[in-house]
Amino acid sequence: MTQTNPLEIALAHHLAGRVREAEAIYRQVLAQNPGAGAANYLLGVAAHQTGRPAEALALLDKASKILPGAADVWNYFSIALR
């Protein structure tokens, strides 16, 4: 029996348009590990997509500090700033 990564499950929900379900899992991951860069990034994307710009920018800023070399984070950060 294989364990599935919670972020993979969340991302599958997110990509299928089930953003609330994805957000709940991202938040669970962050409750266990606030420094999870991918969870901060993906929750920031979800916050931006659902019209919460201040939350999105805070999460993307945190993700950019955790993952300073991640181009996707910086790219989306610039999108959220617009």
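Modeller: Happy to; here is a short tour, from the overall fold down to some single residues. Please keep in mind that this is a predicted model.

Colleague: Good to know. How many helices and strands are there in the protein?
Modeller: The protein has five helices and zero strands. Along the sequence the pattern reads α-α-α-α-α.

Colleague: And what is its radius of gyration, next to that of a compact globule?
Modeller: A compact globule of 82 residues would have a radius of gyration near 12 Å, and the protein has 12 Å, so the two agree. Taken along the principal axes, the C-alpha atoms fill a box of roughly 45 × 25 × 20 Å.

Colleague: How much of the protein counts as buried?
Modeller: Of its 82 residues, 37% count as buried. The accessible surface is about 5000 Å², and carbon and sulfur atoms make up 58% of that.

Colleague: What about contacts between residues 24 or more positions apart?
Modeller: Such pairs account for 36% of the contacts in the protein that have a separation of 6 or more.

Colleague: Let's switch to charges. How many positive and negative side chains are there?
Modeller: There are 7 positive and 6 negative side chains. The centres of the two sets lie 5 Å apart.

Colleague: I like aromatics. How many aromatic pairs turn up in the whole structure?
Modeller: A search of the whole structure gives one aromatic pair. The partners are Trp74 and Phe77, with ring centres 6.2 Å apart and planes at 70°, so the pair is edge-to-face.

Colleague: Why does that angle make it edge-to-face?
Modeller: Planes over 60 degrees apart count as edge-to-face, and the planes of Trp74 and Phe77 are at 70°.

Colleague: Where do those two residues lie?
Modeller: Both are in helix α5, which covers residues 71-81. Trp74 and Phe77 are three residues apart there, about one turn of the helix.

Colleague: Are they buried or exposed?
Modeller: Trp74 has 42% relative accessibility, so it counts as partly exposed. Phe77 is at 16% and therefore counts as buried.

Colleague: You mentioned Ala56. Where does it lie, and is it buried or exposed?
Modeller: Ala56 is part of helix α4, residues 53-66. Its relative accessibility is 0%, so Ala56 counts as buried.

Colleague: Which residues does Ala56 touch, leaving out those up to four places away in sequence?
Modeller: Ala56 touches Gly44, Ala47 and His48.

Colleague: What is Ala36 in contact with, beyond its neighbours within four places in sequence?
Modeller: With those set aside, Ala36 is in contact with Val29 and Leu30. As for Ala58, Ala36 is 22 residues from it in sequence and 14 Å from it in space, C-alpha to C-alpha.

Colleague: Great, thanks for the tour!

Technical notes. Residues are numbered from 1 along each chain as its sequence is written. This is a predicted model: local features need pLDDT of at least 70, side-chain atom pairs count only at pLDDT 80 or more; totals for chains, interfaces and linings use all residues. Side-chain values use heavy atoms; hydrogens and water are left out. Helices (H or I, at least four residues) and strands (E, at least two) are DSSP runs, numbered from the N terminus. The radius of gyration is taken over C-alpha atoms; the globule rule is 2.2 Å times the number of residues to the power 0.38. Buried means under 20% relative accessible area, exposed over 50%, partly exposed in between (1.4 Å probe, protein chains only). Contact means heavy atoms within 4.5 Å. Accessible areas come from the Shrake-Rupley method with a 1.4 Å probe; for residues, only the protein chains shown count as cover. Lys and Arg count as positive and Asp and Glu as negative; His and the chain ends are not counted. The place of a charge is taken as NZ of Lys, CZ of Arg, CG of Asp or CD of Glu. Rings of Phe, Tyr and Trp (its six-membered ring) pair if their centres lie within 6.5 Å; planes under 30 degrees apart count as stacked, over 60 as edge-to-face and the rest as tilted.
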